[in-house]
Structure formats: C-alpha cells, structure tokens
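Me: I have a structure open and would like to learn how to read it. Could you take me through some features, one at a time?

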Amino acid sequence: MRIGEPAKMTSAINVTPLVDVVLVLLIIFMVVTPMIASGVAVDLPRTANHARKPDDGKDIIVSITKEEKVYVGRILVPRLEDLGNVLVAEKRRFPDKSIFLKGDSRAPYGAVRVALNAMHEAKIDDVVLGTEEAVKE
C-alpha cells in the first residue's frame with residue numbers, strides 16, 4: 001500500500017458469534033427436550049422384557065396415578081366412567097393415534113382394570129401398556 005492510495009476493503013463475515021449462538025441454542029434444546037414428556041409423570045412398573053418405544057407424539061397418553069386420578073394427556077378426567085367418551089372424542093380428532101396407557105406401579109390394579117374396561121366398552125382395541133426396563137444386575 002502506498003501513501004495516498006485508498007485502502008482496499010476486504011469483505012469477510014465473522015461467523016464466530018453465529019456459531020456461539022447456534023451452540024447455545026443446541027444445548028438449550030438438548031436440556032429441555034427430555035423434560036417435554038407427554039402425559040402426567042407416573043412410576044411405571046418394571047419388566048424384564050421391555051420393548052423401547054420412543055415418544056414420537058403419535059399416541060394418546062392415558063395416565064393413571066397412584067391416587068387413582070386419570071389423565072388424558074395433561075387433562076384430568078373427572079370420573080373414570082367418562083374415560084371412554086373422552087377417548088372416543090380424541091380418536092375422532094386424531095384417528096391415526098393409538099392409546100398408550102401409563103399406569104403407576106403403586107396404583108390399585110382395579111383402577112387400571114376399570115380404565116381398560118372403559119376403553120373396551122368404547123370399542124378401542126389398540127392399547128399399549130407402558131412399562132420401564134428392569135435394571136439388570
């Protein structure tokens with residue numbers, strides 16, 4: 001460069017701030033995604049023959065808590081007898097979804113049986129029972 005000559009402009013994009021922002025967003029999504037679980041949190045029974053099924057959002061989640069409260073997704077069903085009607089309405093809205101029943105391991109078996117009976121009376125046949133994998137020692 002000589003004295004009196006105009007300085008040449010160089011065009012370069014600094015991508016470091018962009019990479020920083022993208023990595024922070026990636027970390028946030030990695031931390032938050034496991035917390036976004038469908039339905040109400042229950043302590044599922046443990047089984048040795050557990051088939052993993054990812055939560056792909058293609059199920060209607062029915063949760064039964066140890067207090068015998070029944071939820072469809074995160075919505076409380078006030079009476080267990082109304083479960084069949086609620087599920088029929090959900091199946092009308094989302095016909096391609098199946099039912100995923102999550103019964104707390106401390107819930108009385110009778111509550112789970114009444115829920116299954118309500119599904120049977122509502123002519124719902126595709127029900128998957130949720131379990132956790134037993135710890136192998």
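Me: Where does E68 sit in the chain?

Reply: This is a predicted model, so every answer here is about computed coordinates. E68 belongs to the loop that links β2 (59–64) with β3 (70–72). β2 and β3 make a hairpin, with five residues between them.

Me: What is the phi of E68?

Reply: Phi is positive there, near 70°, and E68 is a residue other than glycine.

Me: Is E68 buried, partly exposed or exposed?

Reply: For this you compare the relative accessible area with two cut-offs: under 20% is buried, over 50% is exposed, and partly exposed lies in between. E68 has 46%, so E68 is partly exposed.

Me: Which phi does K123 have, and where is K123 found?

Reply: K123 also isn't glycine, and its phi is positive, near 65°. Look for K123 in the loop between α3 (109–121) and β6 (127–129). With a relative accessible area of 71%, K123 is exposed.

Me: Now strands. How many residues of β2 are buried?

Reply: Six of the six residues are buried, so β2 is largely enclosed by the rest of the structure. To read a strand, check which way each residue points. From β2, D59, I61 and S63 point one way, while I60, V62 and I64 point the other way. Residues on both sides are buried.

Me: Which strands pair with β2, and in which sense?

Reply: Look for bridges and compare the directions of the strands. β2 pairs with β5 (residues 98–103) in the parallel sense, over six bridges. In that pairing, I60 is opposite I99 of β5. β2 and β3 run antiparallel and are joined by three bridges, with V62 opposite V72 in β3.

Me: What does V62 touch, leaving out residues up to four places away in sequence?

Reply: Its contacts include V70, Y71 and V72. Among the others are L83, L87, I99, F100, L101, K102 and M119.

Me: Which residues have the most contacts inside the largest nonpolar core?

Reply: V62 is one of them, together with I64, L83, L87 and M119, in a core of 19 residues. The elements that give two or more residues to this core are β2, β3, α2 (83–93), β5 and α3. The largest share, five residues, comes from α3.

Me: Let's stay with α3. Is L116 buried or partly exposed?

Reply: L116 lies in helix α3. Its relative accessible area is 24%, so by the cut-off of 20% for buried residues, L116 is partly exposed. Beyond its neighbours within four places in sequence, L116 is in contact with L101, V127 and L129.

Me: To finish, how many helices and strands does the chain have?

Reply: Three helices and seven strands, in the order α-β-β-β-β-α-β-α-β-β along the sequence. Of the 137 residues, 28% count as buried. Among contacts with a separation of 6 or more, 69% are between residues 24 or more positions apart.

Methods:
Residues numbered from 1 in each chain as written. Predicted model: local features only at pLDDT ≥ 70, side-chain atom pairs only at ≥ 80, totals over all residues. Heavy atoms only, no water. Helix = DSSP H or I, 4+ residues; strand = E, 2+ residues; numbered from the N terminus. Buried < 20%, exposed > 50% of the residue type's maximum accessible area, 1.4 Å probe, protein only. Pairing = 2+ DSSP bridges. Contact = heavy atoms within 4.5 Å. Core = buried A, V, L, I, M, F, W, Y, C linked by side-chain atoms within 4.5 Å.
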